[in-house]
Amino acid sequence: MHLFAGVVSRYVFDSPLMWTDEAANFLFLWLSMLGAVVALRRNEHMRLTTLVNAVRPEWGQWLGTVGALIVIVFVLEILLPAAQYLNVQASTELITLSISDGYRVVAILVGTALTAIIALLRLLETTTLRGFAMAVAVVGATAWVLWLGQPLLITMGHSNLILFFVVIVAACVVIGVPIAFTFGIATFSYLALTTDLPLMIVVNRIDDGISNLLLLAVPMFVVLGLLMEMTGIARVMVNFLAALIGHVKGGLSYVLLGAMYLVSGISGSKAADMAAVAPILFSEMLRRGAHPGELASLLATSSAMSETIPPSLVLITIGSVTNISIVALFTGGLLPAAVAALGLVIVAWYRSRGADTGGGTRAPIPHMARTFVIAVPGLTLPFVIRAAVIGGVATATEVSTVGVATPRFWDSSSTASSTGAGSIRCSSTRSR
């Protein structure tokens with residue numbers, strides 16, 4: 001909310017609030033570290049579970065024990081450098097908040113410590129004494145071999161990169177260690193065993209990466225997508241498109257493509273986009289004779305099509321890593337998506353021209369006008385988001401808060417959701 005207040009204060013009252021960015025940076029680091037702990041507790045970190053699910057349950061449980069031990073080893077490696085980094089940053093004062101930067105950086109230390117505790121609790125909950133002993137033996141033996149082979153690793157030069165970032169990374173990924181901890185332990189082990197660089201540098205890079213305020217736009221746009229689904233704005237937009245072209249043969253396929261294109265201009269989460277659009281259309285498309293596989297394919301390809309539509313999490317991530325202008329990425333992302341959408345429309349037309357998918361009754365003009373008026377807030381929001389970023393009114397992070405925090409928009413959406421929810425069902429009833 002303070003970022004939204006900063007946008008209003010700067011753009012409307014020409015009186016910028018200087019502390020909003022530092023406050024957002026402070027809170028973002030704490031939320032990121034605590035979120036990583038919660039994700040570990042819920043087993044929601046990104047990881048590969050193919051092998052774990054393929055083997056017998058007792059072996060899968062043992063691989064999980066090994067993975068938890070690797071997470072604990074990573075935390076033990078990072079605790080001391082994190083404490084050293086905290087001591088350095090404690091003497092630095094945040095300019096606008098006038099407090100020590102140590103209050104922000106301590107989040108890394110707290111997050112890593114809680115991560116170790118969660119991993120240890122998981123071991124106590126899931127493993128047996130025999131399995132724990134075997135896992136400790138394997139992890140300990142691997143660490144001991146690497147430690148004894150340190151002179152050989154140093155003489156290998158850059159060839160040791162293959163050992164750490166191909167062999168070790170591949171082994172950790174295969175046994176189901178979360179991807180973040182896999183690369184973390186590979187990086188720390190490589191630097192500790194083969195270089196003289198202070199490991200505090202890695203903690204500094206972790207801090208810089210998480211503290212990039214541009215990345216705050218990622219969770220904000222995900223929240224925006226969830227709000228869009230909860231308030232019914234997606235249903236309103238789909239109802240308008242259905243009233244406009246849903247009566248033609250295969251028209252609901254075009255409605256789905258158009259809805260994904262428009263909804264993606266509001267939400268940064270493609271999963272939220274699909275969850276918002278698919279339930280509204282699929283039942284009626286199935287009733288008209290569409291094949292379930294065709295529907296799944298169409299939804300998947302439309303989601304891929306909209307990946308470059310601003311605000312895209314992919315574009316935001318690329319901009320944060322490469323320092324490419326977000327304005328340039330947002331501007332350049334529209335044309336590829338439009339070309340892909342046109343190609344999918346042609347494919348949908350070709351697939352439906354000879355299929356017995358039926359059509360609904362053409363909606364009356366007053367009904368079209370009513371659904372259009374109701375959908376206006378949702379239809380205009382994608383253009384507001386793009387114009388605000390491209391016009392320099394707000395950054396990508398700030399503009400995400402505008403969509404979340406505008407009460408009039410969400411009030412309109414909630415009212416529209418209840419008013420227009422039955423458009424597709426009414427159309428299907430008339431077509432029987």
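Predicted model: local features only at pLDDT ≥ 70, side-chain atom pairs only at ≥ 80, totals over all residues.
**Exercise 1. State how many helices and strands the chain has, and what share of its residues is buried.**

Solution. Begin with the elements: the chain contains 21 helices and zero strands. Then turn to burial, where buried residues make up 46% of the 432 residues in the chain. A further step concerns the contacts with a separation of 6 or more, of which 77% are accounted for by residues 24 or more positions apart.

**Exercise 2. Describe how helix α13 packs with helix α17, and name the residues of α13 that meet α17.**

Solution. First, locate the two elements, with α13 at residues 251–264 and α17 at residues 326–352; they pack at an angle of about 165°, and their axes are 9 Å apart. Second, recall that angles over 145 degrees count as roughly antiparallel. The two helices α13 and α17 are therefore roughly antiparallel to each other, and the crossing in which α13 passes α17 is right-handed. Third, list the residues: from α13 come Ser 253, Tyr 254, Leu 257 and Tyr 261, and the residues they meet in α17 include Leu 334, Ala 337, Ala 341 and Trp 349. Finally, sorting the residues of this contact between α13 and α17 gives eleven nonpolar, two polar and no charged.

**Exercise 3. Carry out the analysis for α13 and helix α15, and explain why the two are described as roughly parallel.**

Solution. Helix α15 covers residues 292–305, and it packs with α13 at an angle of about 30°, the axes lying 9 Å apart. Angles under 35 degrees count as roughly parallel, and α13 and α15 are therefore roughly parallel to each other. The crossing of α13 past α15 is right-handed. On the α13 side the contact involves Ser 253, Leu 256, Leu 257, Met 260 and Tyr 261, which meet Leu 298, Leu 299, Ser 302, Ser 303 and Met 305 of α15. These residues of the contact of α13 with α15 divide into seven nonpolar, three polar and no charged.

**Exercise 4. Find how many aromatic pairs the structure holds, and work out which residues form one aromatic cluster with Phe 74.**

Solution. The structure holds six aromatic pairs. In one of them, Phe 74 and Phe 181 are arranged edge-to-face, at 5.7 Å centre to centre and with 80° between the planes. This pair links distant parts of the chain, since Phe 74 lies in helix α4 (residues 57–89) and Phe 181 in helix α9 (residues 179–194), 107 residues apart. For Phe 74 and Phe 188, the ring centres are 5.8 Å apart and the planes stand at 85°, so this pair is edge-to-face. Phe 188 also lies in helix α9, and it is 114 residues apart from Phe 74. Phe 74 and Phe 181 are both buried, and Phe 188 is buried as well. Putting the steps together, Phe 74, Phe 181 and Phe 188 form one aromatic cluster.

Notes:
Residues numbered from 1 in each chain as written. Heavy atoms only, no water. Axes fitted to C-alpha atoms, helices over the stretch in contact; angles between N-to-C directions. Helix = DSSP H or I, 4+ residues; strand = E, 2+ residues; numbered from the N terminus. Parallel < 35°, antiparallel > 145°, perpendicular 65-115°, else oblique. Left-handed = near helix turned anticlockwise from the far one by under 90°. Contact = heavy atoms within 4.5 Å. Nonpolar A, V, L, I, M, F, W, Y, C, P; charged D, E, K, R; others polar. Phe/Tyr/Trp six-rings, centres within 6.5 Å; stacked < 30°, edge-to-face > 60°. Buried < 20%, exposed > 50% of the residue type's maximum accessible area, 1.4 Å probe, protein only.
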